[in-house]
Structure formats: C-alpha cells, structure tokens
Amino acid sequence: MIPVSDRLASVSAPAQWAREDSHPLLSLALASMMDDVQAHSGAVYLLTDDEQVLEMAVMAGLPRAFAAPWERVAVGSPIPVADALRQRRVIWVSGEEDMAGRYPRIAVVLPYPFALAAVPVATPEKAYGAVFVTWPGSHPPVISATERARLMAACERLALRLQRAAETGSTVVPEADFPVSPPMAGTTGAVEALQMLARLPDGMCALDVNGRVTFANAAAADLLGAPVTDLLDAQLWNTLPWLNDPVYEDRYRLAMVSQQAISFVALRPPQHWLLFRFHPSRNGISVQITPASGTIQEVPAPDSPRDRPARLVGITHLLSLASALTEAVGVSDVVEHVADEIMPAVGSRTLVMLAPDGGRLRVLGHRGYDDPTIIDRFDGTSLDAPTPGAQTLVTGVPAFFESRAQLEHLYPTRSATPDGMAAWAYLPLVASGRPVGTCVLGYAQPHPFTPDERAVLTSLGGLIAQALERARLYDAKHRLAHGLQSALLPHSLPRLSGLEVAARYLPGTQGMDIGGDFYDVMRTPQGADMFGGVVHPEAAAVIGDVQGHNVAAAGLMGQVRTAVRAYTAVGQAPGRVMSSTNRLLIELDADLLASCVYLHLDLPDHRVLLSRAGHPQPLLRDTDGRVHILDLAGGPLLGIDPSAVYPTTGVPLNPGSVLVLYTDGLIERPGIDIEDALAELAARLAIGADRPLEELADILIGDSAMSADRGDDTALLLLRPRH
C-alpha cells in the first residue's frame, strides 16, 4: 500500500488550493477514504455560503470533465451527493441498471458499468457537503458493511476537521485534482521497459487519467501518422483530426469509468483501418494499436475544424438538461429544472424566463434574486422596447454581455433598471421556427464567455424552447380542464338547519387532471311520496363516478348531476331517481358507465334513505364511536340495463353521527389491498369524528392531497346531523 502522504507529495498546487496553512485537507481525506475502500475515483463537494449549492472542491482518479454537468449541484437536485446530504445517509447505486432507474440524468451522460456511494459530510449540528466514490462494474451489487462503516467514519472525521477549520477562521477552498496512484518509479527498470516497447512492432502508448499521451513508441507514431513529439502531452482526439469524434472519446471514458478493457476500430484516411485496444488501470490507460484485419469502405474525414463534432463535455451538459426537461410538465417545472441544472453548471447567479403575450414580455419565472420585486420592472415590457430581452426574442440572436459597461453601451436605458448583476447571457428560445421566449442568465461578477460556452448555451436554449412550448400548451389545457371541472361541480353547498356538510374533490394527476367524480347536496320538496307513504325529507345528497379521466367523462358527469337535481326537484324517491338517471344515461349513448349513491335525509325522524348503483359502500360512525361499513343492497352500474331496479335502504342517522360518502379514488392505491385501505379509512374516521367536519375531511383525505401520483380523481362528502 502506498502511503497517502507519498501519493500527494507530487501534487503541485497553488496556495489557494488548500487551507491557509497549506495543508491539503480535502485531498488527504479523499485519498485516505478511497484507499480504505479500494475505490478508483471520488470527489468532495462543499456547500456554498448560502447552503443552496454543492460545489466540487477536489476530484481524484478520473478527469473532472467526466463530471462536468455536476461540478455545481443544487441541493435539491436528484443527484446522489445531493440526496445523501439532504437525507443524511449513505446513497448506494449498485451499477448501470440501478443508476438508469434511480438517476437517469447521470445514466444518460455516463452509460457505463460502475458502482457509486455518496456520503454526507456533516456533524449533528451542521452540514458541510458530501463525498462520492466509485468502483468498477465488477464490484459486488451490495456495498459491504465494512465499506459503509469506513466511508461514514471518514466523512464524520472530515466534517469535524471542517468544523475546526471554521472555528479557527481557516478558509477551506478547492484543491488540485490528483491521480489515485503515482507513476511507476525506478530508473533502471524504466529504461529497460522503454527499450522493450521501442522494439515492438505494435504501436504502444500510455495515457494518463486525463487522456494525455505520456509515452508513445515509434510504431505508434508510424501507425497514427504523427511524430512522437506531436503526440506527447496531448489527447489523441485533439491531435489527430480523424479521431476527433465524441464516439472515440467515449471509448476512453468507458475504459476509465468501468476499468474494463475495450477495443474499437477507427479509420485513418484515406484507407488505413486501425484497431485500438485500451487496457485501463487506476492511474491511466495502456493503448495498443495495430492494423485492423479486413477492409472497410472509406469514410471521408472532416475537411476543417468547423466540421469536427462538438466536444463531449458540451454534449454532457446538453444530455443532462435534456434528461431533466423530459420530467418537466408545466412552465414552473421548466423553470425549476433549468435553474437546478444550468445555473450551477455555468456558475450563473440568477435566471429569468420571459415569453411574449399580447405584444409584451411576461415573466414566466425567475430564480436567485434577493429582491424579487426587481423582476416586476421587466414584466409587461413592450416587444418594441430597446431592451436586450425584447431584442433577443424578436431577432432570435443570442446576446452575451461580459460586463455592465458592455450592456449599457448598447442599451443605455438599462442603467435605470439595475438588477445587481455584472454579466448576462440572453438566449433566444425558438421552437418550431418561432420565438417562444427568452432565457436570461445573470452573473454576479464580470464573466468572459468563451466560444465553446456560447455554443453550449445557445444549444441549451433550443432544448429549453421545446420544453417551454410543450409546458405552455400543457398549462393552457390544464387551466381549461380545471375551469371545466370547477364549472361542473357545485361552487358551494347549501346551509341546512340541523345538518353539517363538508366536501373535498381531488383531480387525478395523470392525463388532463380532470375526471368524472362528482357530489352534490340539494334541498328537497316536502311531501315527497316514498313507498306509498308521505314523509318530509329536508335534503338530498349524491356522490358518483363517471368512468374516464377526460373531457367526455367530465361532460357526462355534468349531465348526470343535472339530471339528478331535476329528478330530485320533482320529488322522486331515491330508487326512482337512480332508475331515471340510468335510463337517461343509456339514451345518451355515451358508451360510459357511472357508479352512484343517492340519498334522502329525513332529519326530524333521524334516518336516511339510500339507493346504490355499483358504488363503494358508505361508512357510518355512530355517536358511540363505532364505525360501520353499510351493507346496502344495490343495482348495477348506471348505463348498462334500462330495466335495472335500484333498492332503497333505510338507516338510522342520529344527531352527532357522521355519514361518509366517497369515490374509489380514496381507497384504491397501487400495492394496497382495498380491504386494508378501507380499514385504514375507518380507523381515521373513528379517531377524528368528533372534530369539526372540515378538519375531519382533511384527515380522511390524508396524504392524497399532497401526492403527485394520483391515478384516479377522488370525491368525498361528509354529512353530520345536529340537534
């Protein structure tokens, strides 16, 4: 085992890469824990002062470019180091499939076989950051108890050291990245090894962890068509135009991450096919180059640097954002994902998303401003106004201002509306050939935009535009659906003497967030004829569920609810109301079915008459605290049989008891048996029935109101008679 101190002795780092006493605190800690668990790469992240972003402070074993999209990570991002910090536990990713299932954004960029563990760096009182380490794909699928314990202990020690550094006023800042293992030492053996390699007919060269050539024999130079002096200290894909393709760089990344030997064939123009074999280790790659057997059709090489593919680091940023934007549904999601993915990656402090609306710019969302009212000044700006946001939208040309002086030189009026930033990138958002908005990134300090950075940011604008266009369309449909649903459900329930009423409706979160569940409470005409006698019901109530989660279901639900009200108004008994509604549904020929419970409340006689059509059984909580599942006789679903009969059942309903009507969305959840869900609902009713009815409604709805994954809409209606 090589001592950690020896390993780091050769690292030459400026003073600002360590603490004030020049002690490489982070590098030593990272190298030590990697030694302890035999990891082949790792990195330490530190929280920024505002505790909103994790910044990579040092990386070991792999080039930092591999993790370029995650050099700065928002604490709320679905990334292993962020999850480890938020949850204060070890996050273990066992391999390629596990990564794809749990962290698809990383899997898209690094689709290689490797295992990863992320560990928080925190004391019980304060969080300082997080660490990740990786192993080749050959690591067992479960992290061992020893590895877990050693990683946790090492991170706890690092947290204590960071705490002491803060108490003593020492500043801990990023340090130099370092290789895991030092180059092979020894002069005699090294000379003999070089002589041996020089005699081999195969091309042989060595790459360090960053892909730079540290050695190449004469055969390699001949096969590659470049002198050894041009190859040394450079990356092959940068030196040789015909290797300047992300596909070949990806092979190097695969070998380094997976620590598995790989091979590929490449064409050296005009017709020389070469076979490359990569043999990776923890400190680099040995490359063997031989002529490939057989012939393959010639492929023309790029004519100029302009024709070369974009560098892989830029592509990884695009892939990461593209993966994140696939999860975006509405405009707020797009703003959130762009802020979480792009702001940390490019180092911007603020973000504003603008879109045209009626000849003016509207602010769709923003992030990072200490005073959000600053953005209000830009909301409603005319598209003809001489402002960079409007001009970028109208012209479709990105604008980059590296300083305030550059911005105010072209737009003098901006001096009257400062936003506190010192540099800006205005990105046009163009989708389907038309402008859909402008994305504005603000930087706290003057920021020079390199050509590569401008190209990447402009490409990101195209991805954002497509996601924004989809999101705005979704939001428009969402508003339409909710407006329709709101119009079809009662705006308020009648206040009846001696009766307390509460209701809830939750739309499903799949599809258009609209469905066929409904409820209603109505006053009834006194003197209605029921079962040949005269009674005096004071109220009627209904709850039902039309199948489907679309506009057709909602429209039919409105017709059914209106029909029930009409049949109630003419004094029909519960069974007849159900039969009449059933025949109407069949006559409408809507090819949709409905379940329903309809009831009349006879408050003076403390009873309720109910009729049921294929609907879940109501719950009744008596005044003695017992909860009953009513066993009501019923008929088939509405819309099946025009001659169906719907029996009516009378049930005592004493003052203080609670009658609970609900739709199946309340008790049908994936992985949970309906009987168990019904028992849980009854238990909640038993505990909370003495509370105000509005509070009880919230208790019965439970976590469903906050769930982002409701497969069905839910209606709930509570009735409690009072003296």
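Ser 77 is buried, with a relative accessible area of 1%. That value falls below the cut-off, because a residue counts as buried under 20% relative accessible area. The structure is a predicted model. Ser 77 sits in the loop that runs between strand 3 and helix 3 (80-87). Beyond its neighbours within four places in sequence, Ser 77 makes contact with Ala 82, Asp 83, Arg 86 and Asp 340.

The chain as a whole has 723 residues, and buried residues make up 50% of them. Its secondary structure comes to 21 helices and 30 strands. Of the contacts between residues at least 6 apart in sequence, 62% join residues at least 24 apart.

### The largest pocket

The volume of the largest pocket is about 1100 Å³. Its lining consists of 40 residues, and those nearest the centre are Leu 47, Thr 48, Asp 49, Asp 50 and Val 53. Several elements give two or more residues to this lining: strand 1 (41-47), strand 2 (53-60), strand 3 (72-74), strand 6 (127-136), helix 6 (145-167) and helix 13. The table divides the lining by residue class.

| Class of lining residue | Number in the largest pocket |
|---|---|
| Nonpolar | 21 residues |
| Polar | 10 residues |

An open sheet is built from six strands in the order 14-13-12-17-16-15, with antiparallel pairing. Strand 14 (381-382) and strand 15 (399-401) are at the edges and have a single partner strand each, so one side of each has no neighbour in the sheet. In general, the strands of a sheet pair through backbone hydrogen bonds.

Phe 401 has Trp 424, in strand 16, as its bridge partner. Helix 15 (residues 388-395) packs on the sheet and touches strand 12, strand 13, strand 14, strand 15, strand 16 and strand 17. The direction of helix 15 makes about 145 degrees with that of strand 17.

Helix 13 (residues 331-346), one of the elements that line the largest pocket, lies across strand 12 (350-357), strand 13 (360-367) and strand 17 (434-443). Relative to strand 12, helix 13 runs at about 140 degrees.

Methods
Residues numbered from 1 in each chain as written. Predicted model: local features only at pLDDT ≥ 70, side-chain atom pairs only at ≥ 80, totals over all residues. Heavy atoms only, no water. Pairing = 2+ DSSP bridges. Helix = DSSP H or I, 4+ residues; strand = E, 2+ residues; numbered from the N terminus. Contact = heavy atoms within 4.5 Å. Axes fitted to C-alpha atoms, helices over the stretch in contact; angles between N-to-C directions. 1 Å grid on protein atoms, 1.4 Å probe; cavity = no way out; pocket = protein on both sides within 12 Å on 5 of 7 lines; lining within 4 Å. Points joined across faces, edges and corners; volume = space filled by probe spheres on them. Nonpolar A, V, L, I, M, F, W, Y, C, P; charged D, E, K, R; others polar. Buried < 20%, exposed > 50% of the residue type's maximum accessible area, 1.4 Å probe, protein only.
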